Amino acid sequence: MRRFATPVWLMAIGLLWLLYELDLLPVGRLKWSLLLAAIGLVTLIDQGVNKRSWPTGMGFLLAALIHALWVFEWFRFALQFPLWLMGFGLLLAMNRTGLIPDAPVPVRRAGTVEH
């Protein structure tokens, strides 16, 4: 998954720049959404999608989506946290099913000494 990190970031930056140039992206109000989405994407790209990274990465992406929808005035500010709680609960439930793969187990090489 890491081999796609640079192309994904380049495409995301290009898309955001294009939307900004077309006056479709209110960057000032979306800065928190973009930051939350970046944290979620970095988590999933760096660790891969597994039971350890799923709640954190997707939780940040969910928060970014909910905040962006508030910025575009789809609902009032007070609904953000309850919506996130319900969504995060769903992410945790999904994590406890067989839908999300287990985290990889670190492989220890013979002849190495633990400190």
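Analyst: Helices are DSSP runs of H or I with at least four residues, numbered from the N terminus. In this predicted model, the loop between H3 and helix H4 (80-95) holds Glu73.

User: Why is Glu73 called exposed?

Analyst: A residue is exposed when its relative accessible area is over 50%. Glu73 has 62% relative accessibility, so Glu73 counts as exposed.

User: What is there to say about the phi of Glu73?

Analyst: Phi of Glu73 is near 60 degrees, which is a positive value in a residue other than glycine. Most residues other than glycine have a negative phi.

User: Where is Asp23, and what is its phi?

Analyst: Asp23 sits in the loop between H1 and H2. Its phi is near 55 degrees, again a positive value in a residue that is not glycine.

User: Is Asp23 buried or exposed, and how do you know?

Analyst: The relative accessibility of Asp23 is 69%, and the cut-off for exposed is over 50%, so Asp23 counts as exposed.

User: What makes Gln80 buried or exposed?

Analyst: Gln80 belongs to helix H4. Its relative accessible area is 12%, and buried means under 20%, so Gln80 is buried.

User: Which residues does Gln80 contact, beyond its neighbours within four places in sequence?

Analyst: Those contacts of Gln80 are Ile66, His67, Trp70 and Phe75.

User: Which residues make up the largest nonpolar core?

Analyst: There are 6 residues in that core: Trp54, Leu62, Ile66, Phe75, Leu91 and Ile100. Helix H3 (residues 54-71) gives the largest share, 3 residues. In soluble globular proteins, nonpolar side chains tend to be buried together.

User: What does Trp54 touch, not counting residues up to four places away in sequence?

Analyst: Trp54 touches Leu44, Val49, Gly59, Leu91, Met94, Asn95 and Ile100.

User: Which residues and elements line the largest pocket?

Analyst: The largest pocket has a space of about 400 Å³. It is lined by 17 residues, and closest to the centre are Ala12, Leu16, Ser33, Leu34 and Ala37. Two or more lining residues come from each of helix H1 (5-21), helix H2 (27-47) and H3.

User: How do the lining residues of the largest pocket divide into nonpolar, polar and charged?

Analyst: The lining has 16 nonpolar residues, 1 polar residue and no charged residue.

User: What share of the chain is buried?

Analyst: Of the 115 residues in the chain, 25% are buried. The accessible surface comes to about 8600 Å², and carbon and sulfur atoms account for 70% of this surface.

User: What share of the contacts with a separation of 6 or more joins residues 24 or more positions apart?

Analyst: The share is 64% of those contacts in the chain.

Technical notes: Residues numbered from 1 in each chain as written. Predicted model: local features only at pLDDT ≥ 70, side-chain atom pairs only at ≥ 80, totals over all residues. Heavy atoms only, no water. Core = buried A, V, L, I, M, F, W, Y, C linked by side-chain atoms within 4.5 Å. Buried < 20%, exposed > 50% of the residue type's maximum accessible area, 1.4 Å probe, protein only. Contact = heavy atoms within 4.5 Å. Areas by Shrake-Rupley, 256 points an atom, 1.4 Å probe, with all protein chains shown as cover. 1 Å grid on protein atoms, 1.4 Å probe; cavity = no way out; pocket = protein on both sides within 12 Å on 5 of 7 lines; lining within 4 Å. Points joined across faces, edges and corners; volume = space filled by probe spheres on them. Nonpolar A, V, L, I, M, F, W, Y, C, P; charged D, E, K, R; others polar.
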